[in-house]
Amino acid sequence: MLWENRCMRYTHAVITGASSGFGEAFARRLARECAHVVLVARRGEVLHALADELRDSYPGLKITVHPCDLSETAARQQLIASLEGLSEGKILLVNNAGLGDYGEYAASEPERNHCMLQVNVVAVAELTRALLPRMRKQGGGIINIASLAADLFIPDFAIYAASKAFVASFSEAVRLEVRADGIPVVAVCPGPVHTGFGDVARRHGCTNGYSPFKKWFYTPIPTVVNGAVSALERGKARYYPSLRIRLAGLLVRNLPLWVLRLVMGRRPRQVSLLDET
């Protein structure tokens with residue numbers, strides 16, 4: 001079957017953090033199902049290479065590359081202004097971009113904290129606000145990448161876990177607000193995944209240790225991405241990409257706070273962070 005003749009679920013797919021990891025995987029998946037893909041990330045040269053590859057694979061697919069540092073207010077405003085020029089049609093927004101910082105909060109860099117909050121919290125809220133009015137008129141959907149960390153408070157990962165708690169809560173609230181408009185919103189809550197995230201989050205000087213137990217929770221990137229798209233289509237509020245992750249989330253949400261504090265207080269500290277979202 002020719003690509004042009006396939007059923008398009010969405011006209012436009014806007015994907016942040018599209019240069020690697022989940023974002024790149026979403027771009028490859030949604031290129032099969034959308035007429036136009038907007039790739040957003042800081043590394044413009046990587047985005048252009050991905051765009052060229054997708055154009056070769058899907059002749060007729062329109063791709064817009066938008067290099068953007070979502071931690072900068074002016075860059076976000078420029079991105080939002082460009083999205084106002086999208087043609088009519090259903091829009092799928094994938095809020096995937098995220099930053100982490102592993103280490104004690106007291107020793108953290110204020111500028112890094114600011115950037116993390118801008119990308120993980122403010123950008124998610126602003127992009128959603130910018131596109132929701134159009135979605136209400138023309139249709140659409142939203143995939144927000146949260147984390148299993150959204151259900152936890154994590155020493156040495158304080159702001160990241162708190163920012164993902166925002167994403168999960170925000171997704172649930174917006175989902176209820178637009179449910180009558182037929183706009184699905186899903187918060188994706190993976191555990192550890194090999195995405196390259198940990199290399200960026202790790203601070204200089206951390207030791208190279210990790211818990212073998214965490215390896216038991218790793219999920220392949222395609223499983224997370226394909227499951228997220230399926231969960232959106234089925235109108236799910238949250239998506240945990242494996243039975244193990246779902247059970248872990250259920251356990252965490254139902255533990256008494258004093259037990260959770262005891263467990264997290266005994267968590268291994270100051271080890272290098274493997275890829276985790």
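Helix α4, residues 110-138, gives the most to the lining of the largest cavity, contributing four residues. Please keep in mind that this is a predicted model.

**The cavity**

- Searching the whole structure turns up one cavity of 30 Å³ or more.
- The space inside the largest cavity comes to about 30 Å³.
- Which residues line the largest cavity? They are Thr16, Leu70, Asn95, Asn96, Ala97, Val119, Ala123, Val124 and Leu127.
- Sorted by class, this lining holds six nonpolar and three polar residues, with no charged ones.

**Helices α3 and α4**

- Helix α4 also packs with helix α3 (residues 73-83): their axes come within 11 Å and cross at roughly 20°.
- An angle under 35 degrees counts as roughly parallel, so α3 and α4 are roughly parallel to each other.
- The crossing of α3 and α4 is right-handed.
- On the α3 side, the residues in contact are Thr73, Arg76, Leu79, Ile80 and Leu83. On the α4 side, they are Gln118, Val122, Ala123, Glu126, Leu127, Ala130, Leu131 and Arg134.
- The contact of α3 with α4 is made up of eight nonpolar, two polar and three charged residues.

**Helices α1 and α2**

- Helix α2 spans residues 44-57, and its axis comes within 11 Å of the axis of α1, crossing at roughly 20°.
- With that angle under the 35 degrees cut-off, α1 and α2 are therefore roughly parallel to each other.
- Is the crossing of α1 and α2 left-handed or right-handed? It is right-handed.
- Glu24, Ala27 and Arg28 of α1 meet Leu50, Glu53 and Leu54 of α2.
- The residues of the contact of α1 with α2 split into three nonpolar and three charged, with no polar ones.

**Helices α1 and α8**

- Helix α1 (residues 21-30) also packs with helix α8 (residues 221-233), at an angle of about 60° and with the axes 9 Å apart.
- That angle makes α1 oblique to α8.
- The crossing of α1 and α8 is right-handed.
- From α1, the contact draws on Gly21, Phe22, Ala25, Phe26, Arg29 and Leu30. From α8, Ile221, Val224, Val225, Asn226, Ala228, Val229 and Glu233 take part.
- By class, the contact of α1 with α8 has nine nonpolar, two polar and two charged residues.

Methods:
Residues are numbered from 1 along each chain as its sequence is written. This is a predicted model: local features need pLDDT of at least 70, side-chain atom pairs count only at pLDDT 80 or more; totals for chains, interfaces and linings use all residues. Side-chain values use heavy atoms; hydrogens and water are left out. Axes are lines fitted to C-alpha atoms, for helices over the stretch in contact, and angles run from 0 to 180 degrees between N-to-C directions. Helices (H or I, at least four residues) and strands (E, at least two) are DSSP runs, numbered from the N terminus. Angles under 35 degrees count as roughly parallel, over 145 as roughly antiparallel, 65 to 115 as roughly perpendicular and the rest as oblique. A crossing is left-handed if the near helix is turned anticlockwise from the far one by less than a right angle, and right-handed if clockwise. Contact means heavy atoms within 4.5 Å. Ala, Val, Leu, Ile, Met, Phe, Trp, Tyr, Cys and Pro count as nonpolar, Asp, Glu, Lys and Arg as charged, and the others, Gly among them, as polar. On a 1 Å grid over the protein atoms alone, a cavity is a set of points where a 1.4 Å probe fits but cannot get out, and a pocket is an open set with protein on both sides within 12 Å along at least five of seven lines; lining residues have an atom within 4 Å of a point. Grid points are joined across faces, edges and corners, and a volume is the space filled by probe spheres set on the points.
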